[in-house]
Amino acid sequence: MVMIMNNERVKTTKLDPNERIKTFKEVDLGFSEADAKREASRCLNCPNPRCVLGCPVKIQIPKFIAALKDDDLEGAYEIIAASSTLASICGRVCPQEEQCEKMCVRGLRGEAIAIGALERFLGDWALKKNAFPLKKESDNHIPVAIIGSGPSGLACAQALLSKGYDVTMFEALHAAGGVLRYGIPEFRLPKEIVDKSVDNLVQNGLKLKLNTLIGKTLTLDDLRKKYRAIYIATGAGLPKFMGLENEDANGVFSANEILTRINLMKAYEPNSATPIKRGSTALVIGGGNVAFDAARSMRRLGLEVKIVYRRDEAHLKARHEEIVHAKEEGIDLVFNTLPTKVLTDADYRVTGLEVVKTSIDGDKYQIIPDDYTQIKGDIIIEALGTNPNKIVIDNTEIKTEDDKIVTSKGHTNIACIFAGGDIVTGSATVIKAMGAALEAAEEIDKYLGGKDETQ
Ligand SMILES: Cc1cc2nc3c(=O)[nH]c(=O)nc-3n(C[C@H](O)[C@H](O)[C@H](O)COP(=O)(O)OP(=O)(O)OC[C@H]3O[C@@H](n4cnc5c(N)ncnc54)[C@H](O)[C@@H]3O)c2cc1C
């Protein structure tokens with residue numbers, strides 16, 4: 001065993017970069033129980049824990065870490081579960097370095113406690129044990145509908161099932177999980193974890209209706225006739241494009257399309273029904289998690305990959321870990337570079353990008369006049385953010401602003417209809433989508449009263 005100083009965190013094991021670029025297997029292998037306990041023992045158990053203030057759902061972090069240290073894994077997991085319904089998932093994908101870990105006192109003179117990795121360890125432990133049926137109040141038979149099966153829909157379902165409601169979830173796609181399923185790649189979030197999290201809810205009474213696009217297959221009015229309250233959690237899945245010249249050329253994709261084909265439709269398998277034109281070089285435009293996920297996925301399909309970003313490294317929006325991993329995997333980061341035109345051949349196929357150099361002034365960038373160059377590439381992937389898709393509320397009175405549903409504590413302007421997650425905030429984070437769901441579930445419960453009217 002390697003001795004560590006108390007201001008150094010215990011490291012998780014990671015797949016070697018040379019191995020990982022040939023596979024979609026998970027990169028970070030997490031803690032063993034012994035390592036989790038060693039890391040837990042570094043926690044100072046502060047009387048006024050700043051880490052809790054940094055957590056959007058206020059998990060009692062020092063308490064769960066203390067229970068873990070004392071060998072009480074079940075107790076530790078239950079402390080997390082009281083605030084967060086998707087520990088295995090949040091432990092993997094939450095930006096802890098900007099939230100709880102950023103506030104950790106240990107971080108002032110060394111490395112913050114690896115709170116995310118400890119959460120993940122306990123979440124995985126509970127999923128493996130499969131020993132935690134929801135603590136449910138008795139059934140009240142009141143039907144509630146949830147639209148969308150992403151983290152917000154799942155968290156709301158769990159909270160309402162626990163309160164005894166009869167919950168039906170409608171999902172447009174053929175598999176549940178939202179971005180957890182079709183956006184975040186297998187090498188960051190194995191789909192087995194998403195499956196188990198969804199299955200756990202189904203075993204606890206969730207009725208899951210897949211392949212049902214609300215707004216087309218059924219309308220909100222149809223649902224209002226059958227359900228006493230509705231929670232809309234349809235996310236923000238509509239990709240934005242730059243509007244470049246030749247953007248409709250053969251070989252330009254949104255990151256959403258590429259990631260959906262890879263994650264949901266297994267485009268990385270040789271006999272996939274949705275193969276991706278590969279070529280030898282992919283150019284990914286953007287600097288957030290989505291750009292890095294698309295870039296790292298294309299690298300695993302065997303391409304050289306360049307991320308083209310209009311600002312400098314300090315302005316990248318992706319998680320630090322993703323940036324480090326992408327560099328280790330040989331992805332080229334091209335900073336201060338703004339695409340201006342898609343270059344094509346005589347058959348209107350992509351051959352690259354015309355770009356112009358930029359300079360940074362604070363948070364703003366400026367184009368350097370006449371500093372144009374070209375970058376060769378066979379696929380261009382745009383990862384510029386997304387907008388909510390409003391099909392679900394077309395032809396309804398639900399109030400929106402900038403295409404997002406307007407809410408107050410989860411209430412929309414229509415009494416029985418609630419909403420939360422990316423459809424309200426625009427593209428945000430898993431934990432924020434989950435936090436909004438928990439708040440809305442409380443409000444739905446207050447609105448419906450939880451009283452069984454069948455008796
Ligand atoms: C590639 C990618 C990587 C990301 N990485 C991270 C990360 O590392 N950490 C992090 O915290 N966040 C990350 N995010 C953001 C995070 O995933 C989202 O903020 C979160 O998933 C939002 O949850 P949601 O439940 O509101 O919506 P979604 O997850 O988008 O789920 C919405 C669901 O509703 C369904 N739906 C939509 N319309 C209808 C309809 N009319 N009828 C029925 N169903 C419908 C959709 O098919 C989807 O399944 C990432 C996002 C992307 C795209």
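1. Please keep in mind as you read that the model is predicted.

2. Which residues come nearest to the ligand? There are 35 residues around the ligand, and Val93, Glu171, Arg188, Ile214 and Asp422 come nearest. By class, the shell divides into 19 nonpolar, twelve polar and four charged residues.

3. Some individual atom pairs are worth a look on screen. An oxygen atom of the ligand has a polar side-chain atom of glutamate 171 at 2.6 Å. As for cover, the ligand taken alone exposes 1,000 Å², and the protein buries 94% of that.

4. Now for the helices of the shell. Two or more shell residues come from each of α9 (151–162), α10 (179–182), α14 (289–300) and α17 (430–448). Of the elements, α14 gives the most, with three residues.

5. Just after α14 comes glycine 302, with a positive phi of about 100 degrees.

6. Why can α14 be called largely enclosed by the rest of the structure? Ten of its twelve residues are buried, so the rest of the structure largely encloses this helix. Among the buried residues are the alanines Ala291, Ala294 and Ala295, together with Phe292 and Met298. The buried set also includes Asp293, Ser297, Arg296, Arg299 and Arg300.

7. If you check backbone angles, two residues other than glycine deserve a moment. Asparagine 246 is not a glycine, yet has a positive phi of about 70 degrees; this asparagine sits in the loop between β5 (238–239) and β6 (252–254). Aspartate 370 has a positive phi too, near 70 degrees, but its place is in strand β12 (residues 364–376). Is aspartate 370 buried or exposed? With a relative accessible area of 74%, aspartate 370 is exposed.

8. How far apart are the C-alpha atoms of serine 149 and glutamate 97? These two residues are 52 apart along the chain, and 27 Å separates their C-alpha atoms.

9. A last stop is leucine 73, in helix α5 (residues 73–81). Leucine 73 has a relative accessibility of 7%, and counts as buried because that value is under the 20% cut-off. Between leucine 73 and arginine 9 there are 64 residues of sequence separation, and their C-alpha atoms are 20 Å apart in space.

Key
Residues numbered from 1 in each chain as written. Predicted model: local features only at pLDDT ≥ 70, side-chain atom pairs only at ≥ 80, totals over all residues. Heavy atoms only, no water. Near = heavy atom within 4 Å. Polar contact = N/O pair within 3.5 Å; in protein donor to acceptor, adjacent residues only side chain to side chain. Areas by Shrake-Rupley, 256 points an atom, 1.4 Å probe, with all protein chains shown as cover. Helix = DSSP H or I, 4+ residues; strand = E, 2+ residues; numbered from the N terminus. Nonpolar A, V, L, I, M, F, W, Y, C, P; charged D, E, K, R; others polar. Buried < 20%, exposed > 50% of the residue type's maximum accessible area, 1.4 Å probe, protein only.
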